[in-house]
Amino acid sequence: MNAAGIDVSSRKSTVAVLRPFGEVVKLPFDVRHSAEDLAALAAQLKSIDGETRVVMEHTGRYYESIAKVLHEAGLYVSAVNPLLIKEYGNNSLRKVKTDKADAMKIAKYALDNWTELRDYTPMDTIRYELKTLNRQFQLASKQKTATANNLIALQEQSFPGIRKLFDSPVRSDGTQKWVDFTHDFWHVDCVRSGSQNAFAERYRKWCKRNRYQFSMEKATEVYALAKSSVVLVQKTSVTKTLVQEAANQLTAISRSVETYRSEMNKLASQLPEYPVVMEMYGVGESLGPQLMAEIGDVRRFYSKKALVAYAGLDAPPNDSGDVTGRHKSMSKIGASSLRRTLFLVMTVYLQNAPLDEPVYQFMDRKRAEGKPYRVYMMASANKFLRIYYATVKAYLESLEHTA
């Protein structure tokens, strides 16, 4: 048997091939990430006598093109968690960190863990695009939060407290009432410079023009706030530019977020598990596709424990001698994006308190035991993930049997 260890970099990779008992089949050599060089590597590895397994770390996105080419060439490819490689073979006092040394280390790991290696299965186009969209969605969501905080900070100087008077949700095109209002009424003097009736009429026309519901009561509240507000900045062109540009930035980013959200739902609806996932409590058209994007095909996990470990929600044993660890923390070694999505799902449970749902019953029981907030939230996420695994896997297997 031959173990090919590949240390992946951005533009090239280093490959080493070993056999048991330290026999070196091929000394470490570099391969560029071009179609020709990767095809030549596949042919070279296939020409070696005996079974050959290729092992690499699934770090970032660089490894995916290499794994795809080698897999399609008919080679057994396994993408391993980089932490496993890092912790393997640390039996030397001398630390050596080079691409060649890493390739040899990966090849040795492959030989020692030959039977435990799992074959790499390339994510199909829909799942790949869904995961990419989700990463862009999360990045845009972070930018939206930062931009919203920036607008609120500017708003507190020119029209303090106005944000709290509007609670309309974000529309599908990314617009939101408080942001649009702030853009057009960027300073208290834009409201209080005239009479209350004059502002109410302007506000009515503004609502009609922007397709928002008009309320005389709301107009009265806004005018009263403007009259009583103490502002830190004057009504100048500089203030207008600062506030309106911040509002424009927030609307643009919000539009991107809603576009990503819509596209993710369209893609996710093409996956076979979409109906059963969307029926789960706490999962809607936003969180459902996010879960499916981060988990992928549940059949790639050999058990629910493997999925929980992948999410970093497991609590590894911590025993030594006669001492048994009782207070074990979750590992957090896993997909942080998945943990974030699960936390949002648990927030839905907490806010709505569905008494007939097993996950909420578990959550409520942990709260009654006096567990801290993050502890019972993540413990509930663990339970939810196990239910997700069992439900979705059973559904997919039933589809296979009926096909």
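Val8 stands opposite Ser13 in β2, in a predicted model whose local features need pLDDT of at least 70, whose side-chain atom pairs count only at pLDDT 80 or more, and whose totals for chains, interfaces and linings use all residues. Residues are numbered from 1 along each chain as its sequence is written, and side-chain values use heavy atoms, with hydrogens and water left out. Helices (H or I, at least four residues) and strands (E, at least two) are DSSP runs, numbered from the N terminus.

**The sheet**

- Five strands form an open sheet in the order β3-β2-β1-β4-β5, and their pairing is mixed; two strands pair if DSSP finds at least two bridges between them.
- The edges are taken by β3 (23–32) and β5 (76–80), each of which has a single partner strand, so one side of each is left without a neighbour in the sheet.
- On average, neighbouring strands of this sheet are turned by 20° against each other, direction ignored; axes are lines fitted to C-alpha atoms, for helices over the stretch in contact, and angles run from 0 to 180 degrees between N-to-C directions.

**Strand β1 and its partners**

- Six of the seven residues of β1 are buried, which leaves the strand mostly covered; buried means under 20% relative accessible area, exposed over 50% and partly exposed in between, with a 1.4 Å probe and protein chains only.
- β1 and β2 run antiparallel and are joined by six bridges; the two strands form a hairpin with three residues between them.
- With β4, β1 runs parallel, and five bridges join this pair; here Asn2 stands opposite Thr52 in β4.

**Strands β2 and β3**

- Strand β2 (residues 12–19) is antiparallel to β3 and is joined to it by seven bridges.
- Val15 has Phe29 in β3 standing opposite.

**Helices on the sheet**

- Helix α4 (residues 99–112) packs on the sheet and touches β1, β2, β3, β4 and β5, its direction making about 45° with that of β2; contact means heavy atoms within 4.5 Å.
- Helix α2 (residues 62–72) lies across β1 (2–8), β2, β4 (52–57) and β5, and runs at about 170° to β4.
- Glu64 lies in helix α2 and is buried, with a relative accessible area of 17%.
- Not counting residues up to four places away in sequence, Glu64 touches Tyr120 and Tyr128.

**The pair α5 and α12**

- The axes of helix α5 (residues 125–158) and helix α12 (residues 287–295) come within 8 Å and cross at roughly 120°.
- That angle makes α5 oblique to α12; angles under 35 degrees count as roughly parallel, over 145 as roughly antiparallel, 65 to 115 as roughly perpendicular and the rest as oblique.
- The crossing of α5 past α12 is left-handed, a term used if the near helix is turned anticlockwise from the far one by less than a right angle, with right-handed used if clockwise.
- Leu130, Lys131, Asn134, Arg135, Phe137 and Gln138 in α5 meet Pro289, Gln290, Met292, Ala293 and Glu294 in α12.

**Cysteines**

- Zero disulfides are found in a search of the whole structure; a disulfide is a pair of cysteine sulfur atoms within 2.5 Å.
- For the sulfur of Cys190, the closest cysteine sulfur is that of Cys207, 16 Å away and too far for a bond.
- Cys190 is buried, with a relative accessible area of 8%, and Cys207 is buried with a value of 1%.
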